[in-house]
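Me: Hi! I have a structure open and would like to talk it through. Could you start with whichever strands you like?

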Amino acid sequence: MLCKMGLINHFRAATFNSTLSKAGLWPTKCWPTYGSASYKPLARHWSNVPFLTIPLRRTPGKPFAHRSELKQAKRVVVKLGSAVVTRGDECGLALGRLASIVEQVSVLQNQGREMMIVTSGAVAFGKQRLRHEILLSQSVRQALHSGQNQLKDMTVPVLEARACAAAGQSGLMALYEAMFTQYSICAAQILVTNLDFHDEQKRRNLSSTLHELLRMNIVPIINTNDAVVPPPEPNSDLQGVISVKDNDSLAARLAVEMRADMLIILSDVEGLFDSPPGLDDAKLIDTFYPGDQQSITFGTKSRVGLGGMEAKVKAALWALQGGTSVVIASGTHPKVTGHVITDIVEGKKVGTFFSEVKPAGPTIEQQAEMARTDGRIMASLQPDQRANIIHRLADLLTDNREEILKANKRDVEKAVALGRLSQPLLKRLSLTTAKLNSLAIGLHQIAASAQDSVGRLIRRTRVAKGLDLEQITVPIGVLLVIFESRPDCLPQVSALAIASGNGLLLKGGKEATHSNHILHHLTQEALSIHGVKDAVHLVSTREEVEDLCRLDKLIDLIIPRGSSQLVRDIQKASKGIPVLGHSEGICHVYLDSNANLEKAIKIVRDSKCDYPAACNALETLLVHRDLLRTPFFDQIIDMLRVEQVKIHAGPKFASYLTFSPSEVKSLRLEYGDLECCIEVVDNVQDAIRHIHKYGSSHTDAIVTENEETAEYFMQHVDSACVFWNASTRFSDGYRFGLGAEVGISTARIHARGPVGLEGLLTTKWLLRGEGQAVCDFAEQGSMSYIHENLPVPNRT
């Protein structure tokens, strides 16, 4: 994948061109190499990017146990395989990929990390150069000999690898120099052979040189001296010293020697698979542990280079044993090349991570597969069996009330002690007897609706004689629900997933760990009565939310329940998985000129003050201009002041006042607190225009006694929920009689508004025939379409 256009433009600029020779792309500037008399570290060109201090908190000699800890890595070795650096024709370098890699290394270097590169590519670069020179030389000789250029008869001899390396090494380093210069970063070349590791004095010299370069913020670029290196020797890993027979081994040896925190091995495959990646059932291994080699079947080696995946795994395990964490990932995939290195350092789920610590429970991938398997079994159960599971869960909540409240108390006390949660979030976190009772009632309602959900016949059509078509409801598949602070969300969403026959993954906030654990345990106990315990899983591993959003082959729908920021982050992070939710809850209440004062005060107070952190709380109060400077308006303002609501003035409202409240910074603001904006509108049409321009299509209400105005408002406001003389806080699955909701959607595809059981179903078509074929309905065919709508019988 090509790097950013800005970087490409740099390469077209004079700085880059001056580095390349007049003969095509071949650099002429030779770099002094480690071990030569002319070697001197170059001065550091300081970048304008401020340096960040990366704390090194890992225990020396001990690799990181989890991906999330990779953010702490300070010293990083990046190994670039031949397939990454070279073009597909194996003749020349993949400039776009290489430029992108340099960009990422530069970003990390300018953060204060110590970056080292182990690179291939000298042979390929030299091969391209020598072929060019040979063809040019042959064409000149033939032109002098025969009087004409007979390029078509010319053949290029087989080129010896060491000669290619000798011709290509200086050009490769000149190219690196040109690229790193764009980021004000200096690089230095070091060529090594086996003697540099086996001879103690040379090994100390090499280590000293590398440490000095790192101290000076210079990026060392290391490669084997392919111009003089002998043919590959048998691997000496078993003797405890890894041989420098390929760059995988070299990178591992350097990483351990330099006590690097992490080694990133980039190849032409996404990582380590349980079988050759070309096979249909091959699965990428997210985390690999020592001792798992027996479960792996290795395929053929790369199209170029001396190593293969087996060599990479051996090198990775050797480095891991030496105290360096390792990730093997793709450096050629066009969708990830531009950020693969930075993603790995940020702890994202990329490639295969090597760890010595094997988790006690299943991985998230295994949890998703189990949820899909048991979810399909659950969908095939009879409706009353799914209802029994939900009834049982409701009873367990009541029977285990004391244990649940005790676990919740631990969470609340910890949250209070840490002081990280606001009062509204603490209120969400807290469970009470009343909440559990309401929760049980809602679950019984869901159980009743489960009787007529999965497999419900929606329509029947007789396509032709003997050819009947049906459309029925089916589960979506595997749901991922991410929620914050609200442990009561867990049994609610679980009940909806059970009723709709969906597998479910739940990711709760750390602040509700103890509450979520006991509620999930009770959910699995209820599921066990019909043998589908694994249909619902609580994701308790260290997976980041962004990593979960990448599992598009395992998860069918993501439902975030929490702050608008959480929803936006998930919508941004989702890679190919639909997200059901709303990014913001900017709700309006419009006070019409014909509004009733008592109703208006009650509705505005409830919409704003009942639960200001909720997504269905009032954020902007629209007031008809005729109500300004009236006792009606004064009483509304007095009520808000009594409730300690901070008022912000919209532009029009501010223009009516000599001394107004602080003017609002934006009319598209969700306060989530005891604050709101007041704006003036001329009429109902003006109110609707304001809502469409600044609203979020969540919930909007009108207060008026004029039925015609109210109906006009309700028909023309394009929001998920539109109310007349009612609080916006009614926008809720439980209050709508859905039993519970998985969230509120402002999208226009699939479900909209509070999403209950119906929103977790999709459909499939069933066609029953008697041997018909499409050719039977051709112009000269024997059959014709009927398309007769048939009655849908009541379900028993």
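Reply: Happy to! Strand E10 (residues 467–475) pairs with E23 over 8 bridges in the antiparallel sense. Strands here are DSSP runs of E with at least two residues, helices are runs of H or I with at least four residues, and both are numbered from the N terminus. Two strands count as paired if DSSP finds at least two bridges between them. Across from Ile 472 stands Lys 764 in E23.

Me: Before we go on, what kind of model is this?
Reply: This is a predicted model, where local features need pLDDT of at least 70 and side-chain atom pairs count only at pLDDT 80 or more, while totals for chains, interfaces and linings use all residues. Residues are numbered from 1 along each chain as its sequence is written, and side-chain values use heavy atoms, leaving out hydrogens and water.

Me: Thanks. Which sheet do E10 and E23 sit in?
Reply: An open sheet of 4 strands, in the order E23-E10-E9-E24, with antiparallel pairing. Strand E23 (761–768) and strand E24 (788–790) are the edges; each has a single partner strand, so one side of each lacks a neighbour in the sheet. On average, neighbouring strands are turned by 25° against each other, direction ignored.

Me: New topic: is E12 buried or exposed?
Reply: 5 of the 5 residues of strand E12 (residues 503–507) are buried, so the strand is largely enclosed by the rest of the structure. Buried means under 20% relative accessible area, exposed over 50%, and partly exposed in between, with a 1.4 Å probe and protein chains only. Gly 503, Leu 505 and Lys 507 lie on one side of E12, Leu 504 and Leu 506 on the other, and all are buried.

Me: Which residue is the bridge partner of Leu 480 in E12?
Reply: Leu 505. Strand E11 (residues 478–483) runs parallel to E12, joined to it by 5 bridges. E12 also pairs with strand E13 (residues 536–538), in the parallel sense over 3 bridges. There, Leu 505 stands opposite His 537.

Me: And how does the chain cross from E12 to E13?
Reply: Through helix H18 (residues 513–527), in a right-handed β-α-β crossover. Right-handed means that, with the strands pointing away from the viewer, the path from the first strand over the helix to the second runs clockwise. E11, H17 and E12 make a right-handed β-α-β unit as well.

Me: What about the largest nonpolar core?
Reply: It has 51 residues, and Ile 390, Ile 404, Leu 443, Leu 504 and Leu 506 have the most contacts inside it. Helix H17 (residues 489–500) gives the most to this core, with 8 residues. By nonpolar core I mean buried Ala, Val, Leu, Ile, Met, Phe, Trp, Tyr and Cys residues joined through side-chain atoms within 4.5 Å.

Me: What is Ile 390 in contact with?
Reply: Leaving aside neighbours within four places in sequence, its contacts (heavy atoms within 4.5 Å) include Leu 443, Ile 446 and Ile 498.

Me: How do H13 and H16 cross?
Reply: The axes of helix H13 (residues 383–399) and helix H16 (residues 433–449) come within 8 Å and cross at roughly 175°. Axes are lines fitted to C-alpha atoms, for helices over the stretch in contact, with angles from 0 to 180 degrees between N-to-C directions. H13 and H16 are therefore roughly antiparallel, the term for angles over 145 degrees.

Me: Last one: how many residues of H9 are buried?
Reply: 11 of the 11 residues of helix H9 (residues 247–257). After H9 comes Arg 259, with a positive phi near 55°.

Definitions and conventions:
Angles under 35 degrees count as roughly parallel, over 145 as roughly antiparallel, 65 to 115 as roughly perpendicular and the rest as oblique.
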